[in-house]
Structure formats: C-alpha cells, structure tokens
Amino acid sequence: MSGGATMFTQQRPVGFGFTLLIVLLYVFLLVPLVTIVGASFTAGLLIEFPPRGFSLQWYREFFARRDLVDGLLLSLRVGAITAIVTTIVATMAALCGQALSGKRSGWFQLGMTLPLLVPELLTAVGLLFFLFKIGLGKTVLGLQMGHILMSFPYAYVSITAALRQVPSSLDEASASLGATHWQTFRMVTLPLIMPGVVMGAIFAFINSFDLYTISLLLKPLGGNTLPLALFDFLTYEFKPTAAAAATISIVLSVIGVALVQRLVGLQRAF
Amino acid sequence: MIKAKHLRLLLGAPAIVLIFVFMILPITNMVEMSFRVPGAVDPFGDDYTLMHYTRVFGDSFYWGVLARSLLTAGGVALLCLIVSFPIAWHLSKASGLKAALLYALIASPLMTGVLVRNFGWMIVTALNGPLNETLIALGIISQPFRLLFTQGLVILALVHVFVPFMVLPINNALRNIPDNLVEASVSMGASRYRVFRDIILPLSFPGIQPGVILVYVLAVAAYVTPALLGGQMVTYMPTMIIAELTGTFRWPLGSALAIMLSLSTILVVGVFTTLTWRLMERVRA
C-alpha cells in the first residue's frame, strides 16, 4: 500500500529501480555529446573515447583546414542574418497575431508555425525547384531565405509567448496618455517582451546553425555550411578534427541553453 | 482603436509573404514538378505526364523502400514513447533548481544539431568504443560487435534525436494531473498498476498523441541519420529522394517519390488519429 503511494506522490523517495532507470535514460541522452567533447581533446591520432591524454592539437588542425573554417564562417554569417531578420519579422507577426481573435487567430498561428510542422525534406525539395525557377538556385541568398523560413517559427513562438504576458491595459494606458503606437511599442511593449525577443533570436540562430537537409539541397556553388563540411569530412576522413568541429557546435548550443535559462527559464521556454 | 487594429494586421504581411512565397509556392511547385516529363539535358522537360506516378506506384522496389521507411518510423515513435515516458514522469515531479537542471539536460541535446549527435553515436558504437568495452567488461558479450551501418543504429540514433520532442508534451500533460486524484485512488486501495493504467496513462494521452504524431512525421522524413549511419546497404525514402534530386538529377521522379511519401504519412497519421479518437474523447469526458 505504501509502495503505491511512494511511486505516485510528490516529494517521497522513489524506488531504487526507478532511479536507476532514470539515470540510465539520462546517460543515453548525454552520452553522444560527452563522447564527442572527450574525443576532441585526445592526444592520440584516432577518434576514441576515453581520449588518450590531453591536447588541443585537433583544434589547431580544425582552424588550419580551409574547408571547415569556411564552413564555420558561412554558418555563423547565415545564422546571424537569420537571427536578425526572423526576429524583426516575427515580432511584427506576433503583434499581428495578438490583434486577431477566435478562429482567425488559430489559423494564423497554424500558418506561422507551418515550416515547423511540415517535414524539412519537403520544404527543401520544393525550395530547390522554386529557387531554381526564380534564378536564385545555388546562391547564398537562396540558402539564406531557406534558413530564415525554417527558423521563423521558433522566433514567432517565443515572442508570442512573451507578448501574452503583457497586460493589454498597459497599451490602453499608454495610448490614453497620448503616446503614439510606435512610442507605446518602443517604451512599453518592447522592453517587456525583450527576453522573449532575445530568446527567439537565440533559437533562430541555433536552429539555422544546425540545419542540414535544407542546406544540402540549397547549398551555394562552392560554399558549405559547417554541418555540410563536417558530413563530407566524416565520409572521407574519420579523424578527431571532426570531434573538434562538433564540439564547437555543442559549445554554441550549451551557451544558447544557458542564456535562455537566465533570460526566461527553460520551463517557460518549452 | 479601429485604426490601430488595422495597423497591427498589416504588421503580419511580411511573415505571410515569407511563408507563402518560400513555402506554399515551392511545395505547389513540387507537386507540379512530379507531373513533368523527364528532361534530356535539364533536370526536367516542358510537357506533362503521369508516367512517374505509374512507375513509382507500380514498382514493388519503391513499395519496399516506402514500407521500410514507414515501419522504421513506427518503431522509432514507439521506442521514443517507451524511453520518454519515465523521463517525462520524473521531470513532471521535479520543481525549482532540480527542474531547471533537468530541463537543461533535455534541451541541450535538442539544441545540438542532428548531424553532431549522430556522429556521437559513431564514436560510442565503434568496435573499440565505450559501448563495446562496457559490455565486454560487464561480461555481457565476449566479442565486440559492429553496429555502424546497420538499421539498428539508425533506429537508436533516431530515437535519441526525437526523445525531447516526446518528453515535453507528455511532461505538460502529466503536470495537469491533479496529485489528489492519484492520492485518492491510492487511499481507496488501488494498486500501483491500476493507478497507472486507469489514471496516469489515460490522462497523459493528450501529450502522448501529439508526441507520437510529431515524432512519426519527423522520423519518416529524416534524412541525415540514415545517410550517415545507414551506409549504402539500406535505402530509405528520404535518402532515395535526395539521391534522385542531387545525384541523377531526375527531379520529376524525385518529386513523385516525395509525394508518395507524404501521402502515405498523412494516411498513417489519419488512421492513428481515428483509432485513438475514442481514447481522447474518454479523457476529455
């Protein structure tokens, strides 16, 4: 009888078996990431875990490789532009979504999150043909548009959630004091939703940085993003340089998670 | 105030244009492409035909690849559910700093690229990698076994990729179950199993259903994982579609395959939703 209570109520210790299961599941979640970071610091010549000794040689090797560094730079540039553009467009869209009500609001919400709901593969295939048709095939601008599209929903969802926390009475108060719409937005709304806006930018950047399928189909002539360059590298050379490249990408996402945690708390972000 | 509202509606225009021009139009384009004749030099010709559909739907090879993709995704969704439920349960009971830490542990893999995480499994499952060495040390196996380039590793890596997508909705559903409901049934003598079967599982279904659908749809169309970890021997629909588009440049055929995959996914999700409809209705009541 007490066994049933311990299993299902809060604050009481759970069984040893359950704890072990949970620990194993978290190990499963984290083991690939831990192994990569570990393997990147090896002093040996092979990708292995646990690493042999400690060295930064594979990071030196990474920064000496033109193809990988060019990939990193292209990814950073595309990611930064994606973050800026999506955040502006998504803030505007979130303000629009807030003004809608009932069924229309639901449809708008659905439309804005469409790139997240339709598999990336289909969007990528469609965009390959479409960009070819309008003359943007195999250009950085085409790739950029694909990344903006795919990252847009993340920014939209974060900013919409932040906007919901702002009471509409503040808008009305500001308007009754004679502020213009722009002034109300600049001085009242924007400061209040800023954490959500920054979070949206972080999500958009990280999503863009990680995109693979869409980049593969839209990649510009002679240009590779970091994930594309890493895939090619892994197909031909299975060396710890790849672990160093992957670690750089892991570090970026851990910084992102930490920033989101500080800004709004992950619990509210998801 | 009427004017302000119109102004606000106008703010949505750039986003609507973005989604319409770079998503709706391209996907319509793909549908059109699947009816084009093959091109002599270009990836496609000017005239229209049904030949790609008769070819794709008439060839048992394509049906086989489709079946493999649909079944693999089903297995991934089921395994994901089994792995995610305990995590979601544990997470839903945590609060404060512990909850924040657990959210970070679940979100970190989510925010790391799929390629990076798949690469991690290549290291873990290498012949002299940590998995083989641990299993040998524990005496479970005597010889290291090769997991790379097998369907098993593709499934394992896909489960790993999609677990966060399943944990978060189930966690939200579990958090909505009132504690006193569980306590009441326990105090009335319900066994642990009964509480799980009659209360927890049905009430978490509003999280399970969208989680399963989301993971299934994403897994069916996943490209990177089978391309990196599946090797040359096992073909899935996404790898085949991309090979047609970037390797052999048969764009109309690739489009027809993509549409075959989409239609069958919609069919599977539709059947699943219908079958689970009554369960959802019961929970709502």
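Before I turn to the structure, one definition: UniProt positions are quoted here in the numbering used for this structure, feature names are shortened, and an annotation may be inferred rather than shown by experiment. With that in mind, the unreviewed UniProt entry annotates "transmembrane region" at residues 20–47, 68–94, 114–136, 148–167, 187–209, 216–236 and 242–260 of chain A. Please also note that this is a predicted model.

Let me begin with chain A as a whole. Chain A contains 14 helices and zero strands. Its C-alpha trace extends over about 70 × 70 × 35 Å along the principal axes. Of the 270 residues in chain A, 45% are buried. If we take the contacts in chain A between residues at least 6 apart in sequence, 74% of them join residues at least 24 apart.

How do the annotated spans look in the model? I take two of them. Residues 68–94 of chain A are 100% helix and 0% strand, and 37 Å separates the end C-alpha atoms. Residues 187–209 of chain A are likewise 100% helix, with 0% strand, and here the end C-alpha atoms are 32 Å apart.

I now come to one element of chain A, helix α12, residues 226–236. Which residues of this helix are buried? They are A:Leu226, A:Pro227, A:Leu228, A:Ala229, A:Leu230, A:Phe231 and A:Phe233. What covers them? From chain A, the cover includes α4 (66–99), α10 (181–210), α11 (213–218) and α13 (240–263). Chain B takes part as well, through α6 (114–124) and α11 (224–229).

The axes of α12(A) and α13(A) cross at roughly 155° and come within 10 Å. Angles over 145 degrees count as roughly antiparallel, and α12(A) is therefore roughly antiparallel to α13(A). The crossing of α12(A) with α13(A) is left-handed. On the α12(A) side, the contact is formed by A:Leu226, A:Leu230, A:Phe233 and A:Leu234, which meet A:Ala242, A:Ala245, A:Ala246 and A:Ser249 of α13(A). By class, this contact has seven nonpolar residues, one polar residue and no charged residues.

Let us move to the interface between the chains. How many residues of chain A are in contact with chain B? There are 74, and they are in contact with 73 residues of chain B. Helix α2 of chain A, residues 16–40, supplies the largest share of the chain A side, with 13 residues. By class, the chain A side has 53 nonpolar, 17 polar and four charged residues.

Helix α7 of chain A, residues 120–133, packs with helix α12 of chain B, residues 237–246, at an angle of about 10°, and their axes are 12 Å apart. Since angles under 35 degrees count as roughly parallel, α7(A) and α12(B) are therefore roughly parallel to each other. A:Leu121, A:Val125 and A:Leu128 of α7(A) make this contact with B:Pro238, B:Ile241 and B:Leu245 of α12(B). The contact of α7(A) with α12(B) has six nonpolar residues, with no polar and no charged residues.

Definitions and conventions. Residues numbered from 1 in each chain as written. Chains lettered and ligands numbered in written order. Predicted model: local features only at pLDDT ≥ 70, side-chain atom pairs only at ≥ 80, totals over all residues. Buried ≥ 20, exposed ≤ 12 C-beta atoms within 10 Å, placed from the backbone. Helix = DSSP H or I, 4+ residues; strand = E, 2+ residues; numbered from the N terminus. Contact = placed C-beta atoms within 7 Å. Nonpolar A, V, L, I, M, F, W, Y, C, P; charged D, E, K, R; others polar. Axes fitted to C-alpha atoms, helices over the stretch in contact; angles between N-to-C directions. Parallel < 35°, antiparallel > 145°, perpendicular 65-115°, else oblique. Left-handed = near helix turned anticlockwise from the far one by under 90°.
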